[in-house]
Amino acid sequence: MLPPNKGNEQTLLVGGIVPFTTLDYPEHLSAVVFCHGCCWHCPYCHNQEIIDINKPVKYAPSWESVINFLSQRQGLLDAVVFSGGEPLLQPAVKSAIKQVKDMGFKVALHTNGHNPQMLAEVLPDISWIGLDIKTVFSEYYKAVSKDPSFWDKIKSQNFGKAVEKSLDTILKAGTDFECRTTLDPRVVSKDELKRIAKTLSEKGVKTYAIQEYRKTDESPEQPSNEEISSFFTDAELLAEIKPLFPHFIIRRAR
Ligand code: SF4
């Protein structure tokens, strides 16, 4: 499922930028750089317009213009968050991270965990990571393609194993991080959520966030509002998961 074009080694392809926010790296005033391209097609993706790296993004800033912007924010912003899309799809993200760190910013990373090798390479320069855990590791093929006719073809690629390796790599390095799961009922069931939480807790994850799915459109394929909120109104479910983590975060859609 990896798109053929991964950009080049030198220049990061950017899909967009948020000049400042405190939401994407907890307790830090940050700029968010949305990297162009993703290797997956999750049904709940809110960044559909930037996930095909072969498709130009309207009004996408160049990496050079991002650096120019950041040079005017030195001393004003704490950090730069590399988000996506999937930042670790493009080899150029490695030099981009170093460049930003050399400018004096902390660097945070949002990743889907598909590339544990590249993650290990950039990890020494990263202060905080948001790692997506889409569903139980053995069922990842259902989460990363919205077309069920692909599932049999991609099952053997074992995406969940790569994500688990990414998680183990972060835990071993001791980098500050959170795991988070977006609760789209098409991707994760309540039973699967319990299993995810148990696995993460057993591995030593300290911060786990569950995030409410915001519908991308009003088509009939979308889950109902009741299905979406049922994760958050199920007191028994929450009471089972919450004690597993020192920090358990519930993010409702705004
Ligand atoms: S991994 Fe993230 S960016 Fe990629 S398709 Fe899924 S939700 Fe979208």
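## Helix α9

In helix α9, which spans residues 225–233, the buried residues are I228, F231 and F232. These three cover an arc of only 100 degrees around the axis, so they lie on the same side of α9. The other side of α9 carries E226 and T233, both exposed. The model described here is a predicted one.

Eight strands form an open sheet in the order β1-β2-β3-β4-β5-β6-β7-β8, and the pairing is mixed. Which strands stand at the edges? They are β1 and β8; each has a single partner strand, so one side of each is left without a neighbour in the sheet. On average, neighbouring strands of this sheet are turned by 20 degrees against each other, direction ignored.

Strands of a sheet pair through backbone hydrogen bonds, either parallel or antiparallel. The pairing of β7 with β8 is parallel and covers five bridges. Within it, A209 has I249 of β8 as its bridge partner.

Strand β3 (residues 79–83) is largely enclosed by the rest of the structure, because five of its five residues are buried. In a regular strand the side chains alternate between the two faces of the sheet. In β3, A79, V81 and S83 point one way, while V80 and F82 point the other way, and all are buried.

Strand β2 (residues 30–35) pairs with β3 in the parallel sense over five bridges. F34 stands opposite S83 of β3. Strand β4 (residues 106–111) also runs parallel to β3, and four bridges join the two. Here V81 has A108 in β4 as its bridge partner.

## Aromatic pairs

A pair of aromatic rings is described by the distance of the centres and the angle of the planes. With ring centres within 6.5 Å as the criterion, the count comes to nine aromatic pairs. The pair of Y25 and W128 is stacked, because the ring centres are 5.6 Å apart and the planes stand at 15 degrees. This pair links distant parts of the chain, 103 residues apart: Y25 is in the loop between β1 (14–21) and β2, and W128 is in strand β5 (residues 128–132). Are these two residues buried or exposed? Both Y25 and W128 are buried.

Y208 and F248 form a tilted pair, with 6.4 Å from centre to centre and 40 degrees between the planes. Y208 lies in strand β7 and F248 in strand β8, so the pair ties together parts that are 40 residues apart in sequence. Y208 counts as buried because its relative accessibility is 0%. F248 has a relative accessible area of 15% and is therefore buried, the cut-off being under 20%. Elsewhere, ring pairs link W40, F137, Y140 and F159 into a cluster.

Definitions and conventions. Residues are numbered from 1 along each chain as its sequence is written. This is a predicted model: local features need pLDDT of at least 70, side-chain atom pairs count only at pLDDT 80 or more; totals for chains, interfaces and linings use all residues. Side-chain values use heavy atoms; hydrogens and water are left out. Buried means under 20% relative accessible area, exposed over 50%, partly exposed in between (1.4 Å probe, protein chains only). The arc is that of the directions from the helix axis to the C-beta atoms. Two strands pair if DSSP finds at least two bridges between them. Rings of Phe, Tyr and Trp (its six-membered ring) pair if their centres lie within 6.5 Å; planes under 30 degrees apart count as stacked, over 60 as edge-to-face and the rest as tilted. Axes are lines fitted to C-alpha atoms, for helices over the stretch in contact, and angles run from 0 to 180 degrees between N-to-C directions.
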